[in-house]
Amino acid sequence: MSVGPPAPAPYVSRVVPVDRRGRRVRVELDDDSAIELALEVVERAGLGVGDPAEPELRAELLDQDLRWRTREVALGFLAHRVRSRGEVQRRLRTEDFPPHIVDACLEQLAAQGLLDDAAFADLFVRDRLNLKPSGPARLRHELRGKGVAPEVAQAAIERGLDHAGHTDQSLAVSVALRWLSGKGARERAALASAAYGGEREGALRRLIGFLQRRGFGGDAVRAAVAAVDAEARRAEG
């Protein structure tokens with residue numbers, strides 16, 4: 001039984017825009033099938049009316065279109081503010097893009113300098129120290145939540161403290177004195193009291209809890225409490 005020649009591949013009959021911006025098109029074939037692609041993908045492939053569209057080519061175009069759509073979502077997410085690699089990864093996974101496509105996109109963005117966790121962490125730490133000073137423990141926790149590796153976070157925290165002219169302890173003192181300045185006369189008087197009464201103990205607990213929530217611990221908290229204690233006594237004269 002003889003086998004005839006394979007059926008010719010369908011050819012492109014029309015390329016029609018499918019959005020107002022003309023960024024996506026429908027490639028219609030003469031067998032009444034069609035595929036929707038990014039115009040950029042079509043142009044990169046050099047595909048036009050009258051060209052054959054073999055199954056292998058169509059599969060490749062669909063793969064390239066998937067990669068294009070993944071990158072577009074990532075770029076749109078990055079357009080609002082600087083993001084960590086972990087944040088972008090989570091955003092892309094909400095769109096159900098395949099993991100290997102997501103990973104390839106992240107690598108490409110990093111190679112182009114559009115994703116840089118060290119730079120992200122530096123900016124994050126500087127903003128926190130300027131707007132809402134926090135201790136290393138809280139900064140590490142927040143950066144971990146952004147998907148930043150522990151060693152990258154720690155290096156950024158050390159650089160941020162150095163740039164701000166602070167150590168962990170001096171920052172805790174600064175934060176604690178700011179806390180004291182926002183308190184009323186009664187709280188300041190309780191802290192300045194020589195007698196370790198209930199009000200003073202309550203004020204100290206509130207201060208210590210505040211500092212711990214801000215990510216300070218151990219020696220930093222003790223230094224900050226001593227500074228507040230001295231300042232409250234000085235203010236009360």
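**Exercise 1.** How many residues of the lining of the largest pocket are nonpolar, how many polar and how many charged?

*Solution.* The model is predicted: local features need pLDDT of at least 70, side-chain atom pairs count only at pLDDT 80 or more, and totals for chains, interfaces and linings use all residues. Residues are numbered from 1 along each chain as its sequence is written, and side-chain values use heavy atoms, with hydrogens and water left out.

Step 1. A pocket is defined on a 1 Å grid over the protein atoms alone, as an open set of points where a 1.4 Å probe fits, with protein on both sides within 12 Å along at least five of seven lines; lining residues have an atom within 4 Å of a point. The largest pocket holds about 230 Å³ of space.

Step 2. Its lining has 13 residues, and those closest to the centre are Gln-64, Arg-67, Trp-68, Arg-71 and Gln-108.

Step 3. By class, the lining divides into 5 nonpolar, 3 polar and 5 charged residues. Here Asp, Glu, Lys and Arg count as charged, Ala, Val, Leu, Ile, Met, Phe, Trp, Tyr, Cys and Pro as nonpolar, and the others, Gly among them, as polar.

Step 4. By element, α2 gives the largest share, 7 residues; α1 (39–45), α2 and α4 (99–111) each supply at least two. Helices (H or I, at least four residues) and strands (E, at least two) are DSSP runs, numbered from the N terminus.

**Exercise 2.** Describe the order and pairing of the open sheet of 3 strands.

*Solution.* Step 1. The order is β1-β2-β3, with antiparallel pairing; strands pair if DSSP finds at least two bridges between them. The edge strands are β1 (12–17) and β3 (34–38).

Step 1. β1 is joined to β2 (residues 24–29) by 5 bridges, with Glu-28 as the partner of Arg-14 and Val-27 as that of Val-15. In the hairpin between these strands, which has 6 residues, Gly-22 has a positive phi near 70 degrees.

Step 2. β2 and β3 pair over 5 bridges, and Arg-26 has Glu-36 as its partner. This hairpin has 4 residues between the strands, and Asp-32 takes a positive phi near 70 degrees.

**Exercise 3.** Is Ala-224 buried or exposed (over 50% relative accessible area)?

*Solution.* Step 1. Ala-224 sits in helix α11 (residues 218–236).

Step 1. Its relative accessible area is 0%, so Ala-224 is buried.

Step 2. Beyond neighbours within four places in sequence, Ala-224 is in contact (heavy atoms within 4.5 Å) with Ala-172, Val-173, Ala-176 and Leu-211.

Definitions and conventions
Points joined across faces, edges and corners; volume = space filled by probe spheres on them. Buried < 20%, exposed > 50% of the residue type's maximum accessible area, 1.4 Å probe, protein only.
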